[in-house]
12 protein chains.
Amino acid sequence: MKDHVYKLIELTGTSTLSVEDAVNNAVRRAHKTVKNLRWFQVVDTRGDIVKGHVDHWQVTIKVGFPVES
Amino acid sequence: MKDHVYKLIELTGTSTLSVEDAVNNAVRRAHKTVKNLRWFQVVDTRGDIVKGHVDHWQVTIKVGFPVES
Amino acid sequence: MKDHVYKLIELTGTSTLSVEDAVNNAVRRAHKTVKNLRWFQVVDTRGDIVKGHVDHWQVTIKVGFPVES
Amino acid sequence: MKDHVYKLIELTGTSTLSVEDAVNNAVRRAHKTVKNLRWFQVVDTRGDIVKGHVDHWQVTIKVGFPVES
Amino acid sequence: MKDHVYKLIELTGTSTLSVEDAVNNAVRRAHKTVKNLRWFQVVDTRGDIVKGHVDHWQVTIKVGFPVES
Amino acid sequence: MKDHVYKLIELTGTSTLSVEDAVNNAVRRAHKTVKNLRWFQVVDTRGDIVKGHVDHWQVTIKVGFPVES
Amino acid sequence: MKDHVYKLIELTGTSTLSVEDAVNNAVRRAHKTVKNLRWFQVVDTRGDIVKGHVDHWQVTIKVGFPVES
Amino acid sequence: MKDHVYKLIELTGTSTLSVEDAVNNAVRRAHKTVKNLRWFQVVDTRGDIVKGHVDHWQVTIKVGFPVES
Amino acid sequence: MKDHVYKLIELTGTSTLSVEDAVNNAVRRAHKTVKNLRWFQVVDTRGDIVKGHVDHWQVTIKVGFPVES
Amino acid sequence: MKDHVYKLIELTGTSTLSVEDAVNNAVRRAHKTVKNLRWFQVVDTRGDIVKGHVDHWQVTIKVGFPVES
Amino acid sequence: MKDHVYKLIELTGTSTLSVEDAVNNAVRRAHKTVKNLRWFQVVDTRGDIVKGHVDHWQVTIKVGFPVES
Amino acid sequence: MKDHVYKLIELTGTSTLSVEDAVNNAVRRAHKTVKNLRWFQVVDTRGDIVKGHVDHWQVTIKVGFPVES
């Protein structure tokens, strides 16, 4: 069996709804150019505040996918 | 253009519902005394457990806002 | 009053729904064998991706409970 | 039951005696202006040295307390 | 000579007296079920505060011991 | 000799010129309300970019000062 | 499909040969009592020295496995 | 309003002059291929030494920019 | 002499043999598209386990190379 | 006024009594060869266990002192 | 070609001017006793404050140099 | 029994062969001037790359040894 190599890219997804939606927005966007995304890990969770309420959740993730040999 | 200075304060919001609600509870409370909150970053996520279920989500955040010069 | 001692165990809960559900799945499972779970702290948040969407949220937590003396 | 919000402040207590005394000095001082302190966590332990002996223990802690809603 | 394998468990000891006493409470408790404890490392030092004074020191440690082969 | 207690506050200074200027802007601003600032430590260095050039340096520091007993 | 829960345990494997052998010693030992080990992550790499040469490699790992529901 | 997604890339800029110049060299270079760079964060500051003097400052940064949807 | 700028990419190499082979697999794969790789740093070492033995070593590295100006 | 340069050395002090005594043992020993020690910071706190009780506290510190120009 | 071994020492340089000057002061001082310094990495950036202005920048670095075999 | 004091020094060993060989090169070199080395811990693993292959493994370790009282 072959030894795979994976690449990790770092993305910040944003969402007005939730942490989960911010991650999925980043994953969905990356999927447009890289079809075989495999896993992610959360690196940082932030957000901006407007009038005393979280406006956008900003979740930075690393996303891994195999690179073809 | 002026160089701004921002202050960061650390808060722990709690909620029986979700991580997002815990953060918004902390932000809403801080907004009562500081009107111009701008951003937050999650520092720690914990919670207490009652009868095998998460009772309160406890999310510690840093919140930043400009201080008037 | 007695000085208590607590034990911490590390678990990864998974869920197709949310971070919160993944944590509660881990807590619920641990509750089957340890009845007096008291608190948890999130250690790591990851997930696997299928077809450009998060398939399972994988949240690693430490769970604390008192050990009887 | 209400969702509480807590504030954390950072203090460095010092003592010629011990780590514990340095923490209690910081807590006692904070108690003069904030009556409902609940918990602390040690962030850093340092000290200055005079003639080959620790002169003051300098222990930096975060102290948490509920903010009234 | 044989290659040993060690297990590490994580415990939080508490004490009204000192950091050292909190660690020893955790070690003494673990010793009741595991006789060959070898070493520990401090992971976190916290405590609760009552009336402006540290009530319990809460010291989280990892404790290592050999597992028989 | 008395055991002092110090408070640490967290600030983000900004400057179009340099890291040093951003720190001094934060320190100068804090000095308006707290006269006895003693030391600082850099926590984070960031900045925003406009047209391929750093526009503002954003340096987050902790600033310590003695609290009167 | 079911949401799985995993447990992580921490072990230190030792070996006179290599980092890899130290890890495999820990994994092999854990396998005697837990049959479905799935993954590990290296936490710390240390060793003892005898006469100017590494005597034992000591590699601390976390090992994860599913817990039956 | 749309939820944006950002990509972060990691660069090491070098300069014989200063930390700031090293960062701007990295930003200026990245700007040649990515026009909408928005922010950076310093990850690491190093340098090489020649004849007892810093020869090149080597500053590693992460640079963020929006990816078009 | 010119001030160089370097880019860092993150890769996970895998190998059934060793940590070193996993790193070299990642480096060899990256070399197919980027000829002037200069250095790497290990970020994380993990692996999967099959039948009580490490099956694949998974080593995540950052790899740096100069970008032409 | 001159710009001073300081050197930091790393030591592990041990004691059967307490964390404080372990630090002072390290400081006292260093003082035998370096007279102008100024400050220390705690890096790690560990210990060995004998018969279910902490035998030696092992506290690793960095100690700083000015180097003459 | 021979395998080199390098030693790293830790120094804190200070300067009233800048971060860069503080680093160069430390490097220049170390160069008096060790001629073949090769590289440094910044570990910590602090400073003392006098009358609302940074008085001395205190930058802690690790400096590496080859040890002759 | 006496309370020992240990010193830790930081070294980077290099090797064209393996991580283990790089560590042993550093340990062997340190042994030439310090006979009673006791333990090491790995701090960082890096390397340089030549023609798409790791040329030298560069492993930074801390090495501890007792200092005579």
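**View 1. Polar contacts across the interface of chain D and chain F.** In this predicted model, seven residue pairs are in polar contact across the interface of chain D and chain F, both residues at pLDDT 80 or more. A polar contact here is a pair of N or O atoms within 3.5 Å; within protein, one must be able to donate a hydrogen and the other to accept it, and residues adjacent in sequence count only if both atoms are side-chain atoms. On the side of chain D that touches chain F, β1 (5-15), α1 (19-31) and β3 (53-67) each supply at least two residues. Of these elements (DSSP runs numbered from the N terminus: helices are H or I, at least four residues; strands are E, at least two), β1(D) gives the largest share, seven residues.

**View 2. The salt bridge.** Take a look at Lys62(F) and Glu10(D), whose side chains meet in a salt bridge at 3.0 Å, N to O. The count between chain D and chain F is one salt bridge, defined as a side-chain nitrogen of Lys or Arg within 4 Å of a carboxyl oxygen of Asp or Glu.

**View 3. Contact residues and buried area.** Chain D brings 15 residues to the contact and chain F brings 13 residues, with contact meaning heavy atoms within 4.5 Å. About 1100 Å² is buried between the two chains, and carbon and sulfur atoms give 53% of that area. Within chain D, the residues losing the most area to chain F are Glu10(D), Thr12(D) and Arg29(D), together 48% of what that side buries. Buried area is the accessible area (1.4 Å probe) that two parts lose on being put together, summed over both.

**View 4. Strand pairing between the chains.** Here β1(D) pairs with strand β1 (residues 5-15) of chain F in the antiparallel sense, over four bridges; pairing requires at least two DSSP bridges between two strands. Leu11(D) has Lys7(F), in β1(F), as its bridge partner.

**View 5. Chains A and B about their axis.** A rotation of 120° with 0.0 Å of shift along its axis superposes chain A on chain B, RMSD 0.0 Å, by least squares on the C-alpha atoms of residues with pLDDT of at least 70 in both. The two copies are therefore related as by a three-fold rotation axis. Val19(A) comes closest to the axis of the residues of chain A, at 4.9 Å (C-alpha).

**Notes for all views.** Residues are numbered from 1 along each chain as its sequence is written, and chains are lettered from A and ligands numbered from 1 in the order in which they are written. In this predicted model, local features need pLDDT of at least 70, side-chain atom pairs count only at pLDDT 80 or more, and totals for chains, interfaces and linings use all residues, while side-chain values use heavy atoms, with hydrogens and water left out.
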